[in-house]
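The stops below follow one another as selections.

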Amino acid sequence: MAPATPSTTHTRAAVSAHNSASDLWTIIDHRVYDLSDFVDAHPGGSIVLQQVAGTDATTAFYNLHRHEVLSQFNDLCIGTVEGETPEVVDVGVGELSPVPYAEPMWLRPAFHSPYYGDSHRRLRREVREFVERWVKPEAQACEASGKHISQELIDRMAATNVLAMRLGPGRHLHGRKLLEGAVEGEKFDYFHDLIVAQEMTRNNARGFQGNMAGLVIGLTAVKEWARDKELRDRVTEECLTGKKKICLAITEAFAGSDVSGIRTTAKKTADGKHYIISGTKKWITNGMFSDYFVVGCRTEKGFSVILVEKGDDVDTKPIKTSYSSTAATTFIEFDNVKVPVNHLLGEEHKGFKVIMSNFNHERWGMAAAALRFSRTIVEECLKWSNQRIVFGKKLSEQPVIRQKLAKMISLVESGQAWLEQITQQMCQMSYEEQARHLGGPIALLKVFATRTTHEVADEAANIFGGRALTQSGMGKLVEQFSRTHKFDAILGGTEEILADLGVRQALKEMPKAML
């Protein structure tokens with residue numbers, strides 16, 4: 001946001017007279033700043049400011065900082081240069097970025113799309129404003145501290161039905177007021193879902209982004225597969241109101257993408273009224289603060305999925321990862337946990353159907369988030385290459401940099417187009433049809449999206465140079481992206497497993513006449 005500019009004007013000659021360490025004025029984007037009392041507090045030291053005392057520091061400033069940094073120092077702005085007007089564009093809360101390719105094509109001026117209407121545009125603005133006002137500040141703070149999401153923010157997301165929208169379209173949205181009425185719950189489709197998934201990613205905090213993962217992939221399984229209506233409705237309402245939290249607990253030390261390797265067991269009691277669950281789960285997102293666990297278990301004749309409530313016989317321990325602990329990555333031990341048989345999700349011994357169909361929405365959402373974060377990095381690179389001066393020229397004037405930008409843009413744009421094409425199919429298919437037809441395409445889309453993050457991270461690091469290694473300043477987003485993008489290539493199914501799944505599903509459709 002732009003600094004508040006006093007109406008006072010100053011000539012450039014007057015500014016030049018304030019050129020000492022104790023009386024230091026400077027000009028940035030036609031605004032005049034009195035830095036006399038800020039010299040010793042400047043994070044970059046006093047000498048840097050003394051070098052621009054009494055001069056126009058616009059080029060020097062933008063060679064080191066983003067424009068939004070100035071908003072932190074509104075009180076230092078004492079006016080503008082006489083006869084001059086600030087030129088740098090300011091983007092308000094909820095507004096679109098004017099940077100080329102910073103937004104998907106349907107949001108850019110002069111472009112059109114058959115997929116989006118007025119309700120999608122309203123929702124986009126409302127979600128972005130919500131994220132910028134409430135989610136992003138907390139996300140950035142938690143990313144630095146490692147703390148989990150606050151109950152206050154969860155309550156705010158519950159009250160506005162942001163939580164409910166994260167589950168995608170369905171009866172759970174009917175009759176709900178979604179973000180001040182941006183869209184009716186009955187008309188919420190998968191393109192609305194896509195907007196929420198991508199806009200929520202704009203908190204630009206990869207660890208914090210996982211704070212809602214448990215809800216999205218855990219509660220969906222309960223909502224779609226719980227056979228006991230009372231249990232389904234109660235757990236759904238508890239989670240959507242923020243009173244309880246839930247996570248998906250499938251992965252184990254012995255079983256990651258190979259779900260068939262699961263060793264956690266669920267044995268029925270003699271009277272057939274309960275399961276006794278024993279085993280461990282590892283790398284479970286949100287496990288540290290969850291009240292419910294959707295657990296994959298080995299049963300007598302196969303694999304089953306059972307909803308387990310947190311109790312004294314469920315032990316959780318944090319797992320330290322290379323991103324912040326705010327995602328609450330967890331090791332879980334189930335020590336002979338007694339669970340009523342009505343907590344079974346889907347049919348007994350046929351849990352693979354539950355998990356595989358549940359994976360579709362998870363992987364689709366991960367692809368959406370990966371492509372949105374990649375686009376943010378593209379925007380960062382476009383901004384940086386346009387303002388960074390090297391060897392007397394902007395980085396963007398170097399052909400090699402433009403080639404890198406072209407590669408990044410092409411990958412992100414093609415990924416978004418594929419994502420929207422699959423989203424259109426989701427809008428036309430039932431949940432069962434999606435499970436039957438879209439498993440392979442979504443798997444391949446996720447592979448493409450995570451390969452895109454790999455390429456984007458690599459090119460962005462070279463464009464930003466040393467700043468891409470620093471967890472503060474201009475390159476902090478690139479550093480975080482480079483450090484965390486690989487998570488999406490592993491979580492929800494590794495690239496190799498999903499690539500093979502996509503091709504194997506395609507081969508099943510090969511006509512024999514082509515042999």
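Helices (H or I, at least four residues) and strands (E, at least two) are DSSP runs, numbered from the N terminus. This is a predicted model, in which local features need pLDDT of at least 70, side-chain atom pairs count only at pLDDT 80 or more, and totals for chains, interfaces and linings use all residues. Residues are numbered from 1 along each chain as its sequence is written, and side-chain values use heavy atoms, with hydrogens and water left out.

UniProt, in an unreviewed entry, lists residues 7-82 as "domain: Cytochrome b5 heme-binding"; UniProt positions are given in the numbering used here, feature names are shortened, and annotations may be inferred rather than shown by experiment.

Next, select β14, residues 330-340. β10 runs antiparallel to β14, and eight bridges join them (two strands pair if DSSP finds at least two bridges between them). To find one of these bridges, pick Thr280, whose partner in β14 is Glu333. Strand β13, residues 314-318, is also antiparallel to β14, through five bridges. There, Pro318 has Thr330 as its bridge partner.

**The loop between β10 and β11.** Move to Thr285, in the loop between β10 (274-284) and β11 (292-299). Thr285 has a relative accessible area of 18% and is therefore buried (under 20% relative accessible area; exposed is over 50%, partly exposed in between, with a 1.4 Å probe and protein chains only). Beyond four places in sequence, Thr285 is in contact (heavy atoms within 4.5 Å) with residues including Gly210, Cys247 and Thr329. Asn286 lies in that loop between β10 and β11 too, and is buried at 1% relative accessibility. Its phi is positive, near 75 degrees. Most residues other than glycine have a negative phi.

**Phe391.** Select the loop between β16 (389-390) and β17 (393-394), where Phe391 is found. Phe391 also has a positive phi, about 55 degrees. Is Phe391 buried or exposed? Phe391 is exposed, with a relative accessible area of 80%.

**Arg363.** Finish in helix α11, residues 351-387, which contains Arg363. Which side chain of opposite charge is nearest to Arg363? That side chain is Glu362, 5.8 Å away; Arg363 is buried and has no salt bridge (a side-chain nitrogen of Lys or Arg within 4 Å of a carboxyl oxygen of Asp or Glu). For charge, Lys and Arg count as positive and Asp and Glu as negative; His and the chain ends are not counted. Show the surroundings as well: not counting residues up to four places away in sequence, Arg363 touches Ile442, Lys446, Gly492, Gly493, Leu498 and Leu501.
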